[in-house]
Amino acid sequence: MLDKLKAIADRYEELERVMSDPAVASDYNRIAELAQERSDIEPLVQVFRDLEKTVDDLASSRMMLEEEEDAEMQQMVQEE
């Protein structure tokens, strides 16, 4: 599932690049198609990015918890 979300996020970034190409920008119909596709997948991409950030934050917190020796700091990291 994460692979599918990653592929969708990659496609979103590709759409951004293509839409910024001057050759494509002059073709109104092509821009409209690309903009619609981008609009359709944007909510999924945002959720995926939020998920990636949460996973990264969790990994950082776990690392801090393992490395922290002070009991109060461990408790604070645990709550976080």
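Helices are taken as DSSP runs of H or I of at least four residues, numbered from the N terminus. The structure is a predicted model, in which local features need pLDDT of at least 70 and side-chain atom pairs count only at pLDDT 80 or more, whereas totals for chains, interfaces and linings use all residues. Residues are numbered from 1 along each chain as its sequence is written, and side-chain values use heavy atoms, with hydrogens and water left out.

Helix H3 covers residues 28–67 and includes leucine 51. The helix bends by about 45 degrees at glutamate 42, with proline 43 following within four residues; the bend is the angle between axes fitted to the seven residues ending at a position and the seven starting there. Its buried residues (under 20% relative accessible area, where exposed means over 50% and partly exposed lies in between, with a 1.4 Å probe and protein chains only) are Ile31, Leu34, Ile41, Val45, Phe48 and Ser61.

A search of the whole structure finds 7 salt bridges, each defined as a side-chain nitrogen of Lys or Arg within 4 Å of a carboxyl oxygen of Asp or Glu. In one of them, aspartate 10 pairs with lysine 6, their closest N and O atoms being 2.8 Å apart; these two residues are 4 residues apart in helix H1 (residues 2–19), and therefore separated by about one helical turn. Another salt bridge joins arginine 49 to glutamate 13, with the closest N and O atoms 3.8 Å apart. Because arginine 49 lies in helix H3 and glutamate 13 in helix H1, this pair ties together parts that are 36 residues apart in sequence.
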